[in-house]
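Look at the structure first, then read the points below.

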Amino acid sequence: MAATVARTWEPNTIAQRAAAAATENLWVTAAYLIGSMIGVVAVLSLLGMVLIYVERKVAARFQCRLGPTRVGPFGLLQTLADTLKLVFKEDFVPEMADKFLHMLAPFLALLVPVVLLALLPYSPSMQVADLNIGILFVTAIGGFGVMGILIAGWASNNKWSMIGAMRAGAQIISYELSATLALLVVVLFSGTMSLSGIVQSQQDGWWIWRGHAAGFCAFMLYLIASTAELNRTPFDIPEGESELTAGFHTEYSGLRFAFFFLAEFINMFTVSALTATLFLGGWMPFHIGDWAALNSQMDLIPPIIWFGAKTSAVIFIIMWFRWTFPRLRVDQLMHLEWKILLPIGFANLLLASIIVLINAYPFPLELPQ
Amino acid sequence: MGMIQATQIVNEERPIAGKTVSVSVVQRLRPPTRFQVALLGMQGLLQGMWLTLTYFWSPVEVVTREYPENRDSLKITERFRGNLRFKFPNEVAHQTHSALLEQIAQETQTHPEVAENWIRDEDDTRWYHNCTGCSKCEEACPNASIRILTRHGEILDDREIDRFVWRLDSCMFCNACVLACPWDAIEMTGGFENAVFDRRLLVYSLNRLAAPRINLIQDEQDPAVRARMIDWRSRYGGPIPLGGTGLPNLPAIGAPKVQECPVSHAGSTAVAP
C-alpha cells in the first residue's frame with residue numbers, strides 16, 4: 001500500500017554541499033561555512049527585529065490598542081530605534097557581582113537558539129546541518145539554555161535575580177521532561193531522530209492528525225511544556241514583574257539586556273519551528289496519503305512558505321497564550337507539571353507505541369519486510 | 001455559571017410555631033470532583049482565548065488615540081475633569097464654542113458668524129458669572145489651589161468677587177470645588193493642553209470681571225449704573241503669588257510682549273533687566 005507521492009524531496013544540506021566540495025576545492029567549503037555563519041547571524045538579527053515588532057502589534061491588537069505607529073511606516077522601525085537606544089546605554093555591572101560570569105551569561109543564553117537555528121530544516125535545500133541524532137541534540141542543547149539564566153541570576157549578586165534564576169531552573173528542568181516525552185512520540189512515529197528525516201516521514205500526513213489522539217496530545221503537551229521552557233506567560237514566574245522586578249536579568253542593562261531579550265524571542269522562534277517541524281510537517285506541504293490530486297496541488301506552494309506559515313501560526317498561538325492567560329503561582333506550576341502533564345505524557349507515549357506496533361495510522365507505513 | 005459554588009442559598013416559607021416564616025436555607029453542595037474542576041478550568045481558558053481572539057479579529061473600539069493629529073476630532077467625555085473655568089451663563093456645561101455660537105444664533109435669529117462678532121465685541125455680558133465670592137471652593141480645595149479675593153462693591157454695598165485665583169500647578173483635578181460651589185458658578189472643562197515655558201503662567205485668575213452675580217447685574221435697569229458695577233480683570237496680574245512682580249532677572253508677566261514665551265530668554269542670556 002505504497003502512497004503515491006507526486007514529488008520526491010531530496011534534502012541537500014549546506015554541510016553536505018560543503019563536504020562534497022571539499023574533495024575539489026577547499027575554498028568553496030570555506031565559503032559555504034562562512035556563508036552559513038553569516039546567514040545564521042542575519043536570520044538571528046532579522047528575526048529579533050521582526051518578532052519584537054510583531055509581538056507588540058499583536059499584543060496591542062489583543063488589548064484594543066494600536067501598538068507602535070510612529071517610527072517609520074506603521075512603526076516598522078520602532079525595534080531598530082529601541083535597539084539603538086539599548087546600544088548606547090551604559091553597560092552596568094554591580095559592584096559585588098561576579099564580573100566574568102555576569103558578562104558571560106548573556107552569551108550563553110544566546111548560544112542555544114543560535115545553535116538550534118543551524119539545525120532547523122527551513123526547506124529541502126536550506127538547512128545548515130542535518131544530524132542523525134537531531135532530536136537528542138535539540139533536547140540536550142535546549143536544556144543547556146537554563147545555564148545562562150542560572151549564571152545570570154547567580155552572578156548578579158541580587159536576591160531578586162537569584163530567586164528568578166532558581167525558579168527558572170526548577171521550571172525548565174521540570175518541563176523538559178514533558179517536552180521530551182512529547183518529542184519521543186514523534187520519534188516513535190517516524191522512526192528517526194534526524195529533523196529532516198522526521199519532516200520526510202510526514203509526506204503522507206502530518207503527525208498531529210496522522211498519529212490519532214496520541215499525535216494531537218503530544219502536540220498539546222509540547223506546546224504547553226515549551227511555553228513553560230520559554231519562560232513566557234502564563235509560565236513567566238522567573239521574571240514575574242510584580243514579585244521579582246525583572247527576575248534573572250534585573251541587573252542587566254544595555255546590550256547585555258538586549259541579548260537576553262533577543263534570546264527569548266529567538267527561543268520562541270526555534271520552539272515554534274520545532275513544533276511545526278515535528279507535528280505540522282515542517283516544510284512538507286499538506287498531504288493526505290495517496291490523494292494524488294490534492295497532493296500535487298499542495299506541492300505547487302514552495303516548501304519555505306509552508307515552513308514559514310506553520311511557524312508563524314505556532315508563534316501566534318504562543319503570543320495568544322501570553323496575552324490571554326494569567327500567571328501561575330510557583331506551586332501551581334509544579335503541580336501542573338509533575339501531577340498532570342507527566343502522567344499524561346507517559347500514558348501518551350504508551351498509546352503511541354501501541355499505535356506504532358499495530359501500524360494503525362490512517363495511511364499505514366509500508367513495513368520493510 | 002462557570003463558577004463552582006460551594007453553597008447554595010434557597011429562600012422558602014416554613015411553618016414555625018404556627019406561623020409561616022420566610023427563611024433562607026444555606027445548603028452545602030457536594031464538592032466538585034477533580035475532573036469537573038479540570039473541565040471547568042479548561043472551559044474558562046477556552047472562553048478567555050475566544051474573547052481575546054474576538055478582540056484581535058475585530059477590536060470593539062481601539063482605545064488609543066493618535067493625539068496631535070486628531071485634535072480637531074478629539075472627543076472629550078463629559079466626565080473628563082480638565083481645566084477649571086467660570087461657567088458662562090449662556091453656556092451649558094461642556095458646551096463647545098461652536099455649539100454656543102449655534103445656540104446664540106438660534107436664539108437671536110442670526111447667522112453664527114454674526115453671533116461670533118456679537119460676543120467677541122466689547123460685550124462684557126459674555127463674562128457675567130454666578131460667583132459670589134463665598135469661598136466655599138477655597139475651603140473645599142485639598143491642595144489650597146484656590147484663593148478667593150473679594151472686594152466691596154460700591155453700587156450694591158456688598159461683598160463681591162475681585163479675583164478668583166486658581167493655581168493650575170498644584171491642582172489635582174479632584175472636582176471638589178465644583179461640587180462645593182453652592183451657586184453652580186465653576187465647572188471642569190475638557191481642556192488639558194497646559195504646557196507653558198514659565199510656571200508663573202500656571203497661576204491666574206479665572207474671572208474676567210470683578211462684578212456681582214449675573215442676576216444682580218441684570219436686575220439693574222440703568223445701563224450706566226450697570227457699567228459701573230463691572231471692573232475688567234486680566235488673566236495675569238494683580239496680587240497673585242508668582243505673578244512676576246518683584247522677581248529679579250525675570251520680566252513681569254503683565255507685559256504683552258513677554259507673554260508669548262517668557263522664559264526662553266531668561267535662562268540663556270545673562271540678564272534681562
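Over all chains, a search of the whole structure finds 20 aromatic pairs. Rings of Phe, Tyr and Trp (its six-membered ring) pair if their centres lie within 6.5 Å; planes under 30 degrees apart count as stacked, over 60 as edge-to-face and the rest as tilted. This is a predicted model, where local features need pLDDT of at least 70, side-chain atom pairs count only at pLDDT 80 or more, and totals for chains, interfaces and linings use all residues. Residues are numbered from 1 along each chain as its sequence is written, chains are lettered from A and ligands numbered from 1 in the order in which they are written, and side-chain values use heavy atoms, with hydrogens and water left out.

**Ring pairs**

- A:F189 and A:W207 are stacked, because their ring centres are 5.0 Å apart and their planes lie at 25 degrees.
- This pair links distant parts of the chain: A:F189 sits in helix α6 (residues 159-190) of chain A and A:W207 in helix α8 of chain A, 18 residues apart. Helices (H or I, at least four residues) are DSSP runs, numbered from the N terminus.
- Both A:F189 and A:W207 are buried. Buried means under 20% relative accessible area, exposed over 50%, and partly exposed in between (1.4 Å probe, protein chains only).
- A:F219 and A:F279 form an edge-to-face pair, because their planes are at 70 degrees, with ring centres 5.8 Å apart.
- A:F219 and A:F279 are both buried.
- Ring pairs also join A:F62, A:F316, A:W320 and B:F56 into a cluster.

**Around A:W207**

- Helix α8 of chain A, which holds A:W207, spans residues 207-210.
- A:W207 has a relative accessible area of 1%, so it is buried.
- Leaving out residues up to four places away in sequence, A:W207 touches several residues, including A:V186, A:I198, A:L278 and A:Y361. Contact means heavy atoms within 4.5 Å.

**A partly exposed residue**

- A:I304 is found in helix α13 (residues 303-322) of chain A.
- A:I304 counts as partly exposed, because its relative accessibility is 37%.

Notes
Helix = DSSP H or I, 4+ residues; strand = E, 2+ residues; numbered from the N terminus.
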